[in-house]
Amino acid sequence: MIRNLLFDLGGVIIDIERQRCVEAFEKLGLENANSYFGDYAQTGIFMAIEDGSMGVDDFHAALHSKLPSSVTDYQIDTAFQKFIIGIPEHRLAALRKLRRDGYGIYLLSNTNPIMWRGIIANEFGKEGLRREDYFDGMVTSFEARSAKPDAGIFRYTAEQLGIDPAETLFFDDSLANVEAARALGFEAVHVRPGTEFTDYLPEKK
């Protein structure tokens with residue numbers, strides 16, 4: 001029986017567009033910007049800030065070494081956050097309804113402190129609420145110091161949130177992440193482009 005719903009963020013709750021971020025960094029002068037960003041995971045220093053192995057100050061310093069001297073931390077953060085388009089309000093309403101319906105509602109996201117404390121926090125504030133008003137618990141990769149699809153972050157999530165994988169349905173737009181979750185006993189669905197997570201909700205008994 002599914003008691004808990006565990007959500008990925010990007011591509012499931014929040015709309016993202018990789019190319020916007022690539023172009024923003026190209027405008028700042030980052031060479032080979034396209035090579036740092038994947039559809040479902042980043043590489044190099046962008047992965048390092050996401051998996052918690054690099055903090056914000058070191059991330060800025062690493063990028064400054066690759067950018068013109070006139071570029072500021074603020075410009076770096078602004079370019080990075082171009083990855084995110086926003087959260088449609090109907091998804092926020094759906095999360096609130098699912099919580100009222102009695103499900104445990106949780107978040108497991110590969111993200112970084114710049115977006116998490118910036119645009120992501122702002123997007124969840126659209127209705128005058130906070131992230132904590134939509135979720136019973138949240139795990140971020142940079143705080144867990146592990147990123148999907150590593151098995152470690154799924155084990156950490158189950159332990160940290162106190163949820164049973166067998167009673168938890170996980171939603172992710174990456175098939176690799178879905179398969180990793182299933183291998184550890186989670187129920188999981190692949191949220192495909194052009195669909196909504198509400199299309200995959202379990203039928204009410």
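Ten salt bridges are counted in this predicted model. One of them joins the side chains of Lys148 and Asp8, with N and O 2.8 Å apart. Lys148 sits in the loop between helix 8 (141–144) and helix 9 (151–161), and Asp8 in the loop between strand 1 (4–7) and strand 2 (15–16), so this pair ties together parts that are 140 residues apart in sequence. Lys148 and Asp8 are both buried. The pair also belongs to a network of salt bridges that links Asp8, Lys148 and Asp172.

Asp15 pairs with Arg91 in another salt bridge, the closest N and O atoms being 2.9 Å apart. This pair, too, links distant parts of the chain: Asp15 is in strand 2 and Arg91 is in helix 5 (residues 89–100), 76 residues apart. Asp15 is partly exposed, because its relative accessibility is 28%. Arg91, at 8%, counts as buried.

A further salt bridge joins Lys126 and Glu123, at 2.8 Å from N to O. Lys126 has a relative accessible area of 39%, so it is partly exposed. Glu123 is at 13% relative accessibility and therefore counts as buried.

| Salt bridge | N to O distance |
|---|---|
| Lys148 and Asp8 | 2.8 Å |
| Asp15 and Arg91 | 2.9 Å |
| Lys126 and Glu123 | 2.8 Å |

Side chains of opposite charge can pair when their charged atoms come close. Asp77 is buried yet has no salt bridge. The nearest side chain of opposite charge is Arg117, 9.5 Å away. Asp77 does have a polar contact: its side chain and that of His60 are joined at 2.7 Å. Beyond residues up to four places away in sequence, Asp77 touches His60 and Ile114.

**Helix 4 and its neighbours**

Asp77 belongs to helix 4 (residues 73–80). Two packed helices are described by the angle between their axes and the distance between the axes. The axes of helix 3 (residues 56–64) and helix 4 come within 10 Å and cross at roughly 95 degrees. Helix 3 and helix 4 are therefore roughly perpendicular to each other. Phe59, His60, Leu63 and His64 make the contact from helix 3, and Asp73, Ile76, Asp77 and Phe80 make it from helix 4.

Helix 1 contributes Cys21, Ala24, Phe25 and Leu28 to the contact, and helix 4 contributes Gln75, Ile76, Ala79 and Phe80.

**Glu50 and its surroundings**

Glu50 lies in helix 2 (residues 44–50). Its relative accessibility is 6%, so Glu50 counts as buried. Leaving aside neighbours within four places in sequence, Glu50 is in contact with Gln42, Asn110, Thr111, Asn112, Ser141 and Phe142. Ser109 is 59 residues from Glu50 along the chain, and their C-alpha atoms are separated by 9.7 Å.

Key: Residues are numbered from 1 along each chain as its sequence is written. This is a predicted model: local features need pLDDT of at least 70, side-chain atom pairs count only at pLDDT 80 or more; totals for chains, interfaces and linings use all residues. Side-chain values use heavy atoms; hydrogens and water are left out. Helices (H or I, at least four residues) and strands (E, at least two) are DSSP runs, numbered from the N terminus. Buried means under 20% relative accessible area, exposed over 50%, partly exposed in between (1.4 Å probe, protein chains only). Lys and Arg count as positive and Asp and Glu as negative; His and the chain ends are not counted. A salt bridge is a side-chain nitrogen of Lys or Arg within 4 Å of a carboxyl oxygen of Asp or Glu. A polar contact is a pair of N or O atoms within 3.5 Å; within protein, one must be able to donate a hydrogen and the other to accept it, and residues adjacent in sequence count only if both atoms are side-chain atoms. Contact means heavy atoms within 4.5 Å. Axes are lines fitted to C-alpha atoms, for helices over the stretch in contact, and angles run from 0 to 180 degrees between N-to-C directions. Angles under 35 degrees count as roughly parallel, over 145 as roughly antiparallel, 65 to 115 as roughly perpendicular and the rest as oblique.
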